[in-house]
Amino acid sequence: KESFIIDDTFQCRVLIGAGGTHCPAAKTFFNKKGQPPTSALICAVESEYKISDTRKDCHIWFFNHQLPGYAWYLPKKGGWLNLGIGGKFSRLKQQGKTIMDHWRLFIKELKKQSFITQNPTPPKGHVYYLHHQKQSRYPKNVYIIGDAQGLSTRDMGEGIHAAVKSGIAAADAIIHKKPLNMSRISRFSLPGILFPNMS
């Protein structure tokens, strides 16, 4: 049977690409003629580090300081804190600002409101695309999921839910030997937030 060899070390019969925007499986096996427009590009930065005096509750801010997106303060188990911001690249460009300009404003605001007392560790950045036309035809035994397929919601750029749902859909397709079905992955976040019992 056909198989894939990864890094001359691993062998598999089914390959799932989950490597985000620059996923090597997506680049190797999928036609990129339908590259999404720049208007769908999101850029984000985040820092995760240990802190002794973190608050216990999660906070989220929308459009703070005209950020074309949102920022978050997410405490985690064991004293870890995740801070981040993300926004539409095209809107940032129109503003004449970068995501790092907004990051510095965000950190300044967190200090002012006593969320943190010191600067966080330097942030890491990444880019991804909002939900656009999904891949409808797949090479045999190859699937791409999450940001590798561009499944983040169009209204909030939220991708975790879509990544999990698409991973489950890929597993279901493999186990039951049927086509991958992404039809139940929502293009928008707000309806599920405002009407959670409807989904």
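This is a predicted model: local features need pLDDT of at least 70, side-chain atom pairs count only at pLDDT 80 or more; totals for chains, interfaces and linings use all residues.

**Entry 1: a salt-bridge partner.** I began with D101, which is partly exposed at a relative accessible area of 29%. My scale calls a residue buried under 20% relative accessible area, exposed over 50%, and partly exposed in between, with a 1.4 Å probe and protein chains only. D101 meets R104 in a salt bridge, at 2.9 Å from N to O. For that term I took a side-chain nitrogen of Lys or Arg within 4 Å of a carboxyl oxygen of Asp or Glu. R104 is partly exposed too, with 48% relative accessible area. Both sit in helix α3 (residues 99-112), and because they are three residues apart there, about one helical turn separates them.

Numbering runs from 1 along each chain as its sequence is written, and side-chain values use heavy atoms, with hydrogens and water left out.

**Entry 2: the other bridges.** How many salt bridges are there by this rule? I get three. One of them joins E48 to K76, with the closest N and O atoms 2.9 Å apart. That pair links distant parts of the chain: E48 is in strand β4 (residues 41-50) and K76 in strand β6 (residues 69-76), 28 residues apart. I have E48 as partly exposed at 38% and K76 as partly exposed at 39%. K178 and D172 also pair up, at 2.7 Å from N to O. K178 is partly exposed, at 40% relative accessibility, and D172 is partly exposed at 27%.

**Entry 3: the layout.** I looked up the elements next and found five helices and nine strands. I take these as DSSP runs numbered from the N terminus, helices being H or I with at least four residues and strands E with at least two. Along the sequence the pattern reads β-β-β-α-β-β-β-β-α-α-β-β-α-α. The protein has 199 residues, of which 37% count as buried. The accessible surface is about 12900 Å², with 55% of it belonging to carbon and sulfur atoms; the method is Shrake-Rupley with a 1.4 Å probe, and for residues only the protein chains shown count as cover.

**Entry 4: T153.** Is T153 buried or exposed? It is buried, with a relative accessible area of 5%. T153 lies in the loop between β9 (142-144) and α4. Leaving out residues up to four places away in sequence, T153 touches L130, E158, S186, R187, F188 and S189; contact here means heavy atoms within 4.5 Å.

**Entry 5: the largest pocket.** Which residues lie nearest the centre of the largest pocket? They are Y70, Y128, G157, E158 and G159, out of 39 lining residues. On a 1 Å grid over the protein atoms alone, a pocket is an open set of points where a 1.4 Å probe fits, with protein on both sides within 12 Å along at least five of seven lines, and lining residues have an atom within 4 Å of a point. β6 gives the most to this lining, with four residues.
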